[in-house]
Amino acid sequence: MNTSKYLKEENNMKNLKLFFIVEVMFFAFVIFNINHVYAEDLLIFDQEVQVKESPIFDKSLQSNEIKDVKLKNIKAKDTQANDIQVKDVEAKDIQVNNIEVKDTKDIQVSSKKIAIGLKFDKTSVKELKFKSNGLSISNDVSTKVISTDKIFTAKPLQFVYVDENSDTESSSDFIFAESVDKFKNASLDNKYTTQIKDAVGIYDSKNNLIITIPAKSDIYFISNDLSPIEVFDKKYRGGLKFINNNSMLTVINYLYVEDYLLGVVSKEMVSSWNLEALKAQAIAARSFAYSNYNKFSKYGFNLTDDTRSQAYGGFSAETDNTTKAVNETKGIVGYYEGKIAELIYNASSGGKTESSQNIWLSKIPYLIAQDDPYSIGNPYDNWSFSVTSSEIENIFKKRGKYIGTLQNVTIDDITSQGYVIKMTFNGSISSQTLKKDEIRGLFGSSKLKSLKFAMTNSSGTYNFSGSGYGHGIGMSQYGAKSMADKGYNYTQILEFYYPGVKLEQIK
């Protein structure tokens, strides 16, 4: 197999990169006439370009500095910009449509990327198929086209053997990429001197192994035209990263934070709700993402796609209304005493929010207990469920806790807001005392919807009745909806639920 056929599309990507650079330059000249602009996700057409001293595509562009470029007859539409420095631009006949700019901060906030764990640890996969419009590899500095195929398979590889003297002009097997700009000939057979353990291999639709990368790498895979990649029956913006961990693949979606939020707000709040509530949700989600950025760094990514972080559905989950909410609050986060605030939220407080130290361990000044009249009159006002003594005994048994025959259950501590924070389960062999979130964890959050509940015992059957859904800390999503419906804007909503927090553009 000739490796060069997998790299022959590089010239096309050079042109794509050139077009990317061109649009940023006219955007800077027409709108700002400044030396520093920032660019990302650009769309251009009808271009006639003259370029002098333009950087070639596959050089590492650490500073992204371009000089002495002449542009003619360029039209642009819906342009965003990020991370390109431009000087000495000369342009003519430029038409620009649908660009809304308030100040330079509006185009600086999209440069931050985030890695979202889709499959990891116990959910890691042996292999997976994904679909994209061609395949390129990137590391945020350089990008190269690898294939124009549409369907690919990623697999963990125990060993790969690499020819350190190769220049990747040809190979009878496949290529190994240490970086986007450094390829080596490689084989699964022991015919080269260097052994690479636990690599990741990418196969094309004909099951040809076309490229391998180290077990852990900065390299990620994107579509040639930057369109969403499909994996696990969902489409995702950005690209995919893979980690080979003990012959199982950790699968990561790597994309811009603002693009990530497009797939969060629609999963965390009903997209048909009042736009001001959705904006409040967008800012809370953005603040959460930044304040918890390294929460899962030990796994090789930043956040998960579920309620351990924030629910995230990728491109497939996006809606027009939630996208509008994200875009119209672009870059806005909550700050408290100079640091990005952790804007925790829940479905419904049941009429009273709770302070952070009563549910978790730490006291956070802006996550306080207060009356929440806006969280009354929603589907979670009243809920109930029942569980028998034997069912409780079995729950503990499955957890390795043998209490014997359950004799009684007591509520030992309740906060001033009515949240139960300590319970004891007394058995004939032993007793188990649970505190705070451990209580919901015993029965499951779908049954014991909140800790704001009362309990009765009827002949060995324990009946729980309560209000609210979630931990009750921070913003109530149903409360935000109610406030928005009453005419409050997103700033007023957030100021109510997070006293002392100031909304600012991210610094």
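Colleague: Helix H4 (residues 275–291) and helix H5 (residues 320–328) pack together. At what angle, and how far apart are their axes?

Modeller: Two packed helices are described by the angle between their axes and the distance between the axes. Here the angle is about 60° and the axes are 8 Å apart. Axes are lines fitted to C-alpha atoms, for helices over the stretch in contact, and angles run from 0 to 180 degrees between N-to-C directions. Helices (H or I, at least four residues) and strands (E, at least two) are DSSP runs, numbered from the N terminus. This is a predicted model: local features need pLDDT of at least 70, side-chain atom pairs count only at pLDDT 80 or more, and totals for chains, interfaces and linings use all residues. Residues are numbered from 1 along each chain as its sequence is written, and side-chain values use heavy atoms, with hydrogens and water left out.

Colleague: Which word describes how H4 and H5 lie to each other?

Modeller: Angles under 35 degrees count as roughly parallel, over 145 as roughly antiparallel, 65 to 115 as roughly perpendicular and the rest as oblique. H4 and H5 are therefore oblique.

Colleague: Which residues of H4 and H5 meet?

Modeller: Contact means heavy atoms within 4.5 Å. From H4, the residues include Leu-275, Leu-278 and Ala-282. From H5, they include Asn-321, Ala-325 and Val-326.

Colleague: On to strands. How many bridges join S12 (residues 151–163) to S15?

Modeller: Two strands pair if DSSP finds at least two bridges between them. S12 and S15 have nine, and they run antiparallel. Val-160 has Ile-196 of S15 as its bridge partner.

Colleague: What joins S15 to S16 (residues 209–213)?

Modeller: Four bridges, again with the strands antiparallel. Tyr-203 is the bridge partner of Leu-209 in S16. S15 and S16 form a hairpin with five residues between them. In the turn, Asn-207 has a positive phi of about 65°.

Colleague: How many residues of S15 (residues 194–203) are buried?

Modeller: Buried means under 20% relative accessible area, exposed over 50%, partly exposed in between (1.4 Å probe, protein chains only). In S15, seven of 10 residues are buried. Across the chain of 507 residues, the buried share is 52%.

Colleague: Why does Ile-252 count as buried?

Modeller: Because its relative accessibility is 1%. Ile-252 lies in strand S21 (residues 248–256). Beyond its neighbours within four places in sequence, its contacts include Ala-115, Leu-118, Leu-240 and Phe-301.
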